[in-house]
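Let's take a walk through this structure together, one piece at a time. Keep the 3D view open as you read.

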Amino acid sequence: MKTTHIILIAAIAVAIGIIIVSAGDASTYVTFDQAYELASDGKDKKIHVVGTLKRNEFGDIVGIKPTADKISFTFIMVDESGKEQTVFYNNPVPPDFARSENIVVIGSYQEELFIADNILMKCPSKYQEDEIQAGVN
Amino acid sequence: MVNTFIGNLGHLFVVLTFVSSIVAAFSYFKATQHIGPAESEWKKNGRFAFFLHVFSVFGIIFCLYFIISNHLFEYHYAWSHSSLKLPREYLISCFWEGQEGSFLLWLFWHAVLGLILIFTNRYWEAPVMTVFALVQAFLASMILGIVIPWINLKLGSSPFILLRDAMDAPIFKEQPDFVPEDGTGLNPLLQNYWMVIHPPTLFLGFAASLVPFAYAMAGLWKKKYKDWIRPALPWMIFGTAILGLGILMGGYWAYETLNFGGYWNWDPVENAVYVPWLIMVAAIHTMITYKNSGSALKTSIILVIASFILILYSTFLTRSGILGDASVHSFTDLGLSGQLLIYLMFFTIGGITLAAARWSAIPTTSKEISTYSREFWIFIGATTLCLGGFQVLVPTSYPVINSIAGLFGAELSLATPADQIGFYSKFQLWFGVGVALLSGTGQYFWWKKMDRKSLVKELTTPFILTLLITTIILASGTITKFSYIALFTAGLYTIIANGLILIKMLRKNPKLSGGAIAHIGIGMILIGILFSSGYNKVVSLNRSGILISADQPTEFNNENLLLFINQPKEMAEYQLQYKGEFVEPRFKKGFVNKNDILKTRDPYTVIAKKDVVFEDRVIFKERDTFEIFPENTYYKIAYTNAKGKTFSLYPRAQVNPQMGGLLASPDINRRWDRDLYTHVSSIRSPEEPHEWSEIKEFPIGLKERFFLNDYIAVVDSIIRVPVVDGVALNENDVAVKARIKIYGEDQEYIAEPIFIIKDGKVARLPDEINNLGLRVYLLHIDPNTETFTIGANTRQKDWVVLKAMEKPLINVLWIGTLVLMAGFTLAIYRRYDEFVKMRNKNQE
């Protein structure tokens, strides 16, 4: 057996190891109920939940509450199955937060509260202008 | 009037670009397949077609530049990427802000590189240019913008589309010739010199990776399995150097302006170019090994093909929209995913098929490699680099894996790990250790025949030196984490080992020192990353621990700090004070307090209310009219350190509805050993109205002192003004302005409320002093008693929330980058020289 072959076999073994470990570290997209179950089973893995901000009957966003010092806030998010959940985020309210169409929270449950480590927002017309301002003539 | 001529001309050039590249590819293909007179005839045709191709690429660029620089807003490209007020130097960057333009940039570099290859090659011209012209045909098809009627398929997206064709706006139904007065502009965040130099550098790197691929294809095709390496090698080094420079420039740009928090975030778009770069580095090493010893030829072929395919794959990832929410900077989907996929598949399948067909014919060495040979160490090094790339590639491809699984009916919902940076760093750190150790040791094998005895002898000095320095550093207690100690030691080892080699080399033959210099650069980059990222310290950290609410037991340390205007706060070893909102003048250096200027109807033009002082120098006199950049607001933060030294930082925020609200850019206090990085993380939304208190009235006389919200104030003068901005005055109308001085904590402010009698009706224009949270009115004037009434209401004072970080030794990273580039440059020079010498001997 040539040395190169040994190196190759070792490299393939490492590659397989990488795939397994990466898959183990990979997060998944779940609903709040599934996330809650995971947390109650004692699994503290961070997961992704996709949803929208809660709106009242007039279509206005409700439930965004910054703390007095403005450096963290809670909000109410509705996931894809329709479940409402209060989410805490230990950062100031992102400026375009209320404009977001969709949000993804990455984090986990602690007791009854969902703690987001990170929030991804999908905002309309990001990077793209799709309307002409009226009145420019 | 809509100028359709230039767009049609441009479009004609696009079609010509596409057609000529196909003709060139065909002719060069024929030339490669024939010998004798037919070959030179076909070659002539190929050259002609390629020259025509290059000409038409320049034609497209000319037309697009003409449209942008003449502000022809009837064209979608000019309207959506440029504006009248855009500074000249950024007109060029409008080019590549759009996706069509970035394809054009890529086409341009290939065209230039193709020309260079035609003029520097003899034997290789025809087969290499066949591959080049084919690639150009694919790229040109991306901007073709032609609908094939009978299958209703849109091929490419043209940059010469008229606004009325691109938009479904109702105005075009009434007025088909409507031309907007101004464009929507280049995103202000991108108005930065990096936007001028970063994309061209990156795309030159992409383009250069085609050259070795084309040579490899040519070598396999013409069964010249070995000879392609020599001409391809300088290009491989060049491509790697430029792509590496482009990547690092992107990192620096992200750090300095885009406020991604750091220079590298393991975002899918960043990963997509990092992986091919690693493979290119590995390819350089195996190619050099082949040149010196005849082994690793097959590996080189695989790596060269892989690096080009990975470049195409990265293009597919970033432009097909498949990354979706996974990335902060994916382009918008132009509906080119199908075309991009065909482009990727064509060269993947083509490259692999050709290599497979010739595989058994590729010569190999039967010689066993010894553990004491440099081939062995290079091979291990290349394997480490490839595995490092593989580790990044797999999670980055999760969205692709999910989609492929979806095609087979399986539902996968893999997401990248919650903590991306932590996840990738955990692995890449150890690959970094491996690379550093190997590049330190490998260099000794490189220059000498080694056996156990001489190895021990050679490695003793760097070993002892490294251990000595590491011990001293460890004793000082700076580094405690095991993995960090490993990376530090490995990085230091490669610097010392390569440094010792460099010293020897400089005495003997400085031309050969490129490798040693480049490896020193790598060591410095690793150490710079280790300290600046691993020991990145949040200085605005609030360690008191906050309870979210009474029934939540979890405590949080918050990394942000709330600052009210002019109220000092302590943070780590600094005292901070927020000093208000500033703007930047257009044609002068410095910052201007928003309270010191009067706005006019044109947002770009303002008038100084008083002398404007910046850093003890008057930059504008009272009543001066000057231009500003209205998109940017700078928040002045005054720092005082423990020794009483003061400095100010001006982090920036931009109200930018296009990009989603508000964008922050940091300001950095740079010292030799660390950067203090400050950015605004939240401000009051400018759209949200203030809550004002009830108005308070002050009946007073001229020069009489009174208290406005606890500040001493005095009416300095009261004058009649002939014109009021925004109000048309008749001869019977009167406008009077009061000039009120208010003595704030830190400076004197001027408020100029106006009282107007127009058509017998009274109007009052208040003036607002943001820094004091005050709005001042001139309510009444009593001409008989020469007294008047000033009204004022107050609001909550202005505030910002900011975050500050310290990044130690970040300069080692930047200097390391420059050292790496210097090493690459030397190596390119040396390898190109070798190629030219051989070519001139008519060997190639």
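## A word before we start

Two strands count as paired if DSSP finds at least two bridges between them. Hold on to that idea, since it comes up again and again below. One more thing to keep in mind is that this is a predicted model.

## Chain A: the strand E4

Chain A has two helices and seven strands. Following the sequence, the pattern reads α-β-α-β-β-β-β-β-β. Of its 137 residues, 26% count as buried. Among the contacts in chain A between residues at least 6 apart in sequence, 47% join residues at least 24 apart.

Now find strand E4 (residues 73–79) of chain A. Five of its seven residues are buried, so E4(A) is largely enclosed by the rest of the structure. Who are its partners? One is strand E2 (residues 47–53) of chain A, which pairs with E4(A) in the antiparallel sense over three bridges. Here Thr52(A) stands opposite Val78(A). Another is strand E3 (residues 65–66) of chain A, again antiparallel, with two bridges, and here Lys65(A) has Thr74(A) as its bridge partner. Then there's strand E5 (residues 84–89) of chain A, which runs antiparallel to E4(A) and is joined to it by six bridges. In that pairing, look for Phe75(A) opposite Val87(A).

## Two hairpins in chain A

E4(A) takes part in two of the hairpins you can trace here. With E3(A) it makes a hairpin that has six residues between the strands, and Lys70(A) in the turn has a positive phi of about 65°.

## Chain B: the overall picture

On to chain B, which has 20 helices and 32 strands. Its C-alpha trace spans about 110 × 75 × 60 Å along the principal axes. Buried residues make up 46% of its 844 residues. If you take the contacts in chain B with a separation of 6 or more, 67% are between residues 24 or more positions apart.

## Helices in chain B

Start with helix H6 (residues 125–142) of chain B. At 1.5 Å a residue, its 18 residues should span 26 Å, and its end C-alpha atoms are 26 Å apart, which agrees. H6(B) is also mostly covered, with 17 of its 18 residues buried.

Next, how do two helices sit against each other? Packed helices are described by the angle between their axes and the distance between the axes. Helix H12 (residues 297–319) and helix H13 (residues 337–358) of chain B pack at an angle of about 170°, with their axes 9 Å apart. H12(B) and H13(B) are therefore roughly antiparallel to each other. Among the residues making the contact are Ile305(B), Phe308(B) and Leu312(B) of H12(B), along with Leu344(B), Phe347(B) and Gly351(B) of H13(B). The residues of this contact divide into 13 nonpolar, three polar and one charged.

## Sheets in chain B

One open sheet in chain B has four strands, in the order E22-E31-E30-E29, with antiparallel pairing. Its edge strands are E22 (696–701) and E29 (767–769) of chain B, each pairing on one side only. From one strand to the next, the twist averages 30°. Inside this sheet, strand E30 (residues 774–782) and strand E31 (residues 787–794) of chain B pair over eight bridges, and Leu774(B) stands opposite Thr794(B).

Another open sheet has three strands in the order E11-E12-E15 (chain B), also with antiparallel pairing. Strand E11 (597–599) and strand E15 (625–627) of chain B stand at the edges with a single partner strand each, so one side of each has no neighbour in the sheet. The twist here averages 40° from one strand to the next. E11(B) and strand E12 (residues 605–608) of chain B share three bridges, with Ile607(B) as the bridge partner of Leu598(B).

## One more hairpin

Finally, look at strand E28 (residues 761–765) of chain B, which pairs with E27(B) in the antiparallel sense over five bridges. Ala763(B) is the bridge partner of Ile756(B). E27(B) and E28(B) form a hairpin with two residues between them, and Asp759(B) in the turn has a positive phi of about 50°.

Methods: Residues are numbered from 1 along each chain as its sequence is written. Chains are lettered from A and ligands numbered from 1 in the order in which they are written. This is a predicted model: local features need pLDDT of at least 70, side-chain atom pairs count only at pLDDT 80 or more; totals for chains, interfaces and linings use all residues. The expected span of a helix is 1.5 Å times one less than its number of residues. A residue is buried if 20 or more other C-beta atoms lie within 10 Å of its own, exposed if 12 or fewer, and partly exposed in between; C-beta atoms are placed from the backbone. Two residues are in contact if their C-beta atoms, placed from the backbone, lie within 7 Å. Axes are lines fitted to C-alpha atoms, for helices over the stretch in contact, and angles run from 0 to 180 degrees between N-to-C directions. Angles under 35 degrees count as roughly parallel, over 145 as roughly antiparallel, 65 to 115 as roughly perpendicular and the rest as oblique. Ala, Val, Leu, Ile, Met, Phe, Trp, Tyr, Cys and Pro count as nonpolar, Asp, Glu, Lys and Arg as charged, and the others, Gly among them, as polar.
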